[in-house]
Amino acid sequence: MQSRTTAGRRARTTVMVALLVAALWGGIALTKGAAQGGHNAPDGPVGHLGRAVEIIRG
């Protein structure tokens, strides 16, 4: 019974670490994309939001 508890805890920990890494990676990607921006892109938060949508679709 102890091994199942340990295995379940280990699986939950692995999933949480994977989700944290994915969220961090996604945040960095969105930040990089918003910081680069194009010359024809509008400035301000709307321009960054449009770029984020392009990154998600692409």
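Me: Leaving out residues up to four places away in sequence, which residues does Ile55 touch?
Reply: This is a predicted model, so take the contacts as computed ones. Ile55 itself lies in helix H2, residues 45-57. Skipping anything up to four places away in sequence, the residues that Ile55 touches are Ala29, Leu30 and Gly33.

Me: How far apart in space are Ile55 and Ala29, C-alpha to C-alpha?
Reply: Along the sequence, 26 residues separate the two. Ala29 is still one of the residues that Ile55 touches. C-alpha to C-alpha, the distance between Ile55 and Ala29 is 8.4 Å.

Me: Is Ile55 buried, partly exposed or exposed?
Reply: Its relative accessible area is 30%. Buried would need a value under 20%, and exposed one over 50%. Ile55 sits in between, so it counts as partly exposed.

Me: And what about Met16, buried or exposed?
Reply: Met16 is in helix H1, which covers residues 2-36. The cut-off for exposed is over 50%. With a relative accessible area of 55%, Met16 is therefore exposed.

Me: Which residues form a nonpolar patch on the surface with Met16?
Reply: The patch has about 310 Å² of accessible area, counting its members together. Met16 is one of those members, and the others are Val15 and Leu19.

Me: What share of the accessible surface of the protein belongs to carbon and sulfur atoms?
Reply: Zooming out, the protein has 2 helices and 0 strands. Buried residues make up 7% of its 58 residues. The accessible surface comes to about 5,200 Å², and the share belonging to carbon and sulfur atoms is 66%.

Conventions
Residues are numbered from 1 along each chain as its sequence is written. This is a predicted model: local features need pLDDT of at least 70, side-chain atom pairs count only at pLDDT 80 or more; totals for chains, interfaces and linings use all residues. Side-chain values use heavy atoms; hydrogens and water are left out. Helices (H or I, at least four residues) and strands (E, at least two) are DSSP runs, numbered from the N terminus. Buried means under 20% relative accessible area, exposed over 50%, partly exposed in between (1.4 Å probe, protein chains only). Contact means heavy atoms within 4.5 Å. Patches are made of residues with over 30% relative accessible area and no salt bridge: like charges are joined within 9 Å, nonpolar side chains (Val, Leu, Ile, Met, Phe, Trp, Tyr) within 5 Å. Accessible areas come from the Shrake-Rupley method with a 1.4 Å probe; for residues, only the protein chains shown count as cover. A salt bridge is a side-chain nitrogen of Lys or Arg within 4 Å of a carboxyl oxygen of Asp or Glu.
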